[in-house]
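Student: Could you show me how to read a few features of a new structure? I would like the general idea before each case.

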Amino acid sequence: MSDNEKDKEQQGSACGGCCRRRRGEPRGKLHCTNWLADIPGGRADSEFVEVQFKNTRKGYYKNPTNIELEIGDMVVVDAQPGQDVGMVSLTGVLVELRMRRLSQKALADIKRVFRKAKPADLEKFEEAKAREHETMIKARRIAEDLKLNMKIGDVEFQGDGAKAIFYYIADERVDFRQLIKVLAETFRVRIEMKQIGARQEAGRIGGIGPCGRPLCCASWMSNFVSVATSAARYQDLSLNPQKLAGQCAKLKCCLNFEVDTYVESVKRLPNKDVRLETADATYFHFKTDIFKREITYSTDKQMAVNLVTIDADRAFEIIAMNKAGEKPVNLQRDSDIKPKEKAAFGDILGDDDLTRFDKKKRKKKKKPLPAQGEPQRQPKGDGRPKAQSENPNRTKTRQQAPAEKPDGNQPQQPRPDKPKGKRPNKPAKGNRPDQSQKTEEDKKLQQKKNDIQS
């Protein structure tokens, strides 16, 4: 044996053989570390060993011949009748400590270890394991043909292949006497029916939970405690069956892990039914952060309105003030009220306003007045002031028409530009001014122009 192999052997014996056991065995099969294995003087030795079989099934056996066994060794044990093959999962005094949980009947029926498994025993054991899946499928079809309200979840063959254990789930009592006869005739083995619950089935099959870790029932839990919906209520969890149920379709076992801590923490908080009276409103309980000891109150009992968060000590102060007939101005202390800070980013909610589509009128820019001593700018064009009737926004006039053609035909006179915008309303026929009135107005207008130029 090389030096590296000796070092690995010493490391495996130092940690109780768990490293060696995990080489070919998947993780999470109710593994227990032998933390008493390094006690010197042989005080941790025991004649009992723990043997693990398929999935989470374990048994305790006596080693009367003192065979040197280590964690991970394959052994042949008594099955009455027949023999079974399993793997040693724990040795030493720690086995006796775990055996205290067994009943008196189970302690009186402890069987013994025959020997370490030989290659012939292991070959026969592998052949029996290869038949389990096919046997389970056929057994389900037989139970369906017999119209039995049951589900066969797993099949486990004994090490010598002489016996098969059928694990099933049923909501009510099932008469499977006819089923046992048909199964015995079909498979030519001894039949044992064992009813399990949904939690035990999930532990035997295994899987990954929503937390991303192996299922607790398949990794370390050895007994199951009933889980009630009150555990979810104490932790303020939403009573959503899809989130609270595990892979076994029952309430998750982990709901019981922290419920005691929540129950103790709730005792240091005010009751949820207590109302807090202030000078301007009445506040009702809305939600509670148990571990931060912060409570949020609302002015409406049914919905979140004017939410205010205070600590539990402040809530007890207001309750004492209300009992004395006093009402504080605010729920929060004056030192806890913080001014609103302006956000460094823009108001995103303003983008959802419907008025953003309205066209806003642009204000016209006023022309700056000329400073004193600065000459006024001359208007564009011939320098003549514009008449009142002329439009200042009028475009340039059209070019004048070309000269008369030699054939004597008169060219078409260009039409004068019309001011843009709305057309002036035409006066009615009866109210039209006379031609004489127009000429007088033209004369007055021309007189004003001459006065301005002079």
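Tutor: Gladly! Let's begin with burial: a residue is called buried when its relative accessible area is under 20%, exposed when over 50%, and partly exposed in between. Keep in mind that this is a predicted model.

Student: Is Ser219 buried or exposed, then?

Tutor: Ser219 has a relative accessibility of 15%, so it counts as buried. This residue is found in helix H9, residues 216-219. The side chain of Ser219 also reaches the backbone oxygen of Leu215, at 2.9 Å.

Student: And how does Phe224 count?

Tutor: Phe224 comes out at 29% relative accessibility, so it is partly exposed. Look for Phe224 in the loop between H9 and helix H10 (230-234).

Student: Which residues does Phe224 touch, leaving out those up to four places away in sequence?

Tutor: Phe224 touches Arg199, Gln200, Cys217 and Cys253. Take Gln200: it is 24 residues from Phe224 in sequence, while their C-alpha atoms are 8.4 Å apart in space.

Student: How do I read a pair of helices?

Tutor: Two packed helices are described by the angle and the distance between their axes. Here, the axes of H6 (residues 132-145) and H7 (residues 177-187) come within 11 Å and cross at roughly 140°. That angle makes H6 oblique to H7, and their crossing is right-handed.

Student: Which residues meet there?

Tutor: From H6 come Thr135, Lys138, Ala139, Ile142 and Ala143, and they meet Leu179, Val182, Leu183, Thr186 and Phe187 of H7. Sorted by class, this contact has seven nonpolar residues, two polar and one charged.

Technical notes. Residues numbered from 1 in each chain as written. Predicted model: local features only at pLDDT ≥ 70, side-chain atom pairs only at ≥ 80, totals over all residues. Heavy atoms only, no water. Axes fitted to C-alpha atoms, helices over the stretch in contact; angles between N-to-C directions. Helix = DSSP H or I, 4+ residues; strand = E, 2+ residues; numbered from the N terminus. Parallel < 35°, antiparallel > 145°, perpendicular 65-115°, else oblique. Left-handed = near helix turned anticlockwise from the far one by under 90°. Contact = heavy atoms within 4.5 Å. Nonpolar A, V, L, I, M, F, W, Y, C, P; charged D, E, K, R; others polar. Buried < 20%, exposed > 50% of the residue type's maximum accessible area, 1.4 Å probe, protein only. Polar contact = N/O pair within 3.5 Å; in protein donor to acceptor, adjacent residues only side chain to side chain.
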